[in-house]
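Subject: Structure handover

Hello,

Please find the structure below, followed by notes on what was found in it.

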Amino acid sequence: MDSGGKVIEEIEGGAGPLRGEIIPPSDKSISHRAAILGGIATGETLVEDFLLSDDTISTLNAMRMMGVSALMDSKGLLIKGVGLRGLTEPPDVIDAGNSGTTARLLTGLLSAQSFFSALTGDAYLRKRPMHRVVEPLRAMGADIRGRENGARLPLAVIGSELHGIEYSPPQASAQVKTALLIAGLYAEGETVIIETLPTRDHTERMLRYLGVEVLKQGGGIGLRGGASLKGGVISVPADISSAAYFIVAALINPGSEILIKKVGLNPLRTGVIDILREMGGDIDIVEKGERSGEPVGDIVVRSSSLTGVEIGGAIIPRSIDELPVVAVAACYAEGTTVIRDAAELRVKETDRVRAMAAELEKMGASIEEREDGMVIGGKERLTGARCSSRGDHRVAMALAVAGTGASGVTEIEGAGSVSVSFPDFFAVLRNLR
Ligand code: S3P
């Protein structure tokens, strides 16, 4: 998978307001978890509205390689769970493609099996840090080898008997937490993760939904090994990370009003709404409900005059994937926006601080890079330019949103990378105008 290839998309700036309603693609984080946890549950799991995108297909294929049957029909994805101990040795190297979530969550799962496995990914993923999961998994007894002593893919995993540990990840990471919780399902004793800042809790919610006791005491999230997961119906909400592009596009294009339906509103994912409201964004949540233990709702967005803000601290893990498009909103705001405490942006699919600063500058924005974020000068008149996604789906979509409010045409190279999370992004954007 080359994450974007040579596809170029053109966005016409100032082409009028956005109007209408959309249901964004299903949540990527929840879909990964449903594929893995459904696969090791007992009995069948029906995943309604499973996201079919490159990343989640990587996870699904990995589970299939280990003997899990998963078939898509009109009702959803039907997974035949093999139980905690039912996975079988994959006959080939597992390819996580561009997906960090696949690679990290599976490293936790593979560590605890009674077989050998090997895991790799595309050129972008092979550069990303794996020691954040490898180190604590080794402390649980895992036997993992790999490049740079296991810091980079490819990894070879010799499945082992694990024991629970108490661990506090040095960085706020739901992937690390999840890898350890999955490994903890197989470990002797209790596995406890102590988070400095809370990260998305989809794993905890789904484990509970499938019948596993997940304890939350003080700052710790814990479970005991050996609990079995019971298959059921998991209904996946729409992804707030995908909705975010349309929220910002509607805010910055005068006269816009859109309705975004069935969006997952897990409080550990809604940082982007809090930030954009603080900037002056007119965003209403209507029709609130719940789907398989996750809050959902419809979002109404109307174009607004935005003001720069300071963003840092606990809101960062609650908005981490949306910060590229928040940077775009900041370009169209009055006054300066400062993003700090966001060094994690530098180890995403690409270095998203560098990518957003350099690509938006091509459109006339003034952005100062900081080690842990950026300072964005507001109220710039952006001009359409030829930009690159740098192989990163979120950079591609954020630049497209920037292009909607710019003068002239914005060309985005490597636009095909959107297939990682939102395959028909450009068609949906065009339909709203
Ligand atoms: C994810 C966690 C976050 C996020 C990523 C998906 C997950 O990564 O950026 O897109 O599904 O657990 P980190 O765990 O690295 O923060």
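**Aromatic pairs**

The count of aromatic pairs comes to 5, where rings of Phe, Tyr and Trp (its six-membered ring) pair if their centres lie within 6.5 Å, with planes under 30 degrees apart called stacked, over 60 edge-to-face and the rest tilted. F422 and F425 form an edge-to-face pair, because their ring centres are 5.4 Å apart and their planes stand at 80°. F422 is buried, at 1% relative accessibility, and F425 is buried at 0%; buried means under 20% relative accessible area, exposed over 50% and partly exposed in between (1.4 Å probe, protein chains only). Ring pairs join Y245, F246, F422, F425 and F426 into a cluster.

The model is predicted, so local features need pLDDT of at least 70 and side-chain atom pairs count only at pLDDT 80 or more, while totals for chains, interfaces and linings use all residues. Residues are numbered from 1 along each chain as its sequence is written, and side-chain values use heavy atoms, with hydrogens and water left out.

**Ligand site**

Which residues are around the ligand? They are S29, R33, T101, R132, A172, S173, A174, Q175, R200, I320, D321 and K348, each with a heavy atom within 4 Å of the ligand.

For K348, a polar side-chain atom lies 2.6 Å from a ligand oxygen. An N or O atom in the side chain of S173 is 2.7 Å from an oxygen of the ligand. Q175 places a backbone N or O atom 2.8 Å from a ligand oxygen. The protein buries 93% of the 380 Å² that the ligand exposes when taken alone (Shrake-Rupley method, 1.4 Å probe). Two or more residues of the shell around the ligand come from each of helix 1 (28-39) and helix 6 (174-186), helices being DSSP runs of H or I with at least four residues and strands runs of E with at least two, numbered from the N terminus.

D321 sits in the loop between strand 18 (310-311) and helix 10 (323-331). D321 is buried, at 12% relative accessibility, and its side chain makes a polar contact of 3.2 Å with that of R200.

**Another loop**

L162 is in the loop between strand 9 (152-158) and strand 10 (166-167). L162 is buried, with a relative accessible area of 6%.

Regards

Technical notes:
Polar contact = N/O pair within 3.5 Å; in protein donor to acceptor, adjacent residues only side chain to side chain.
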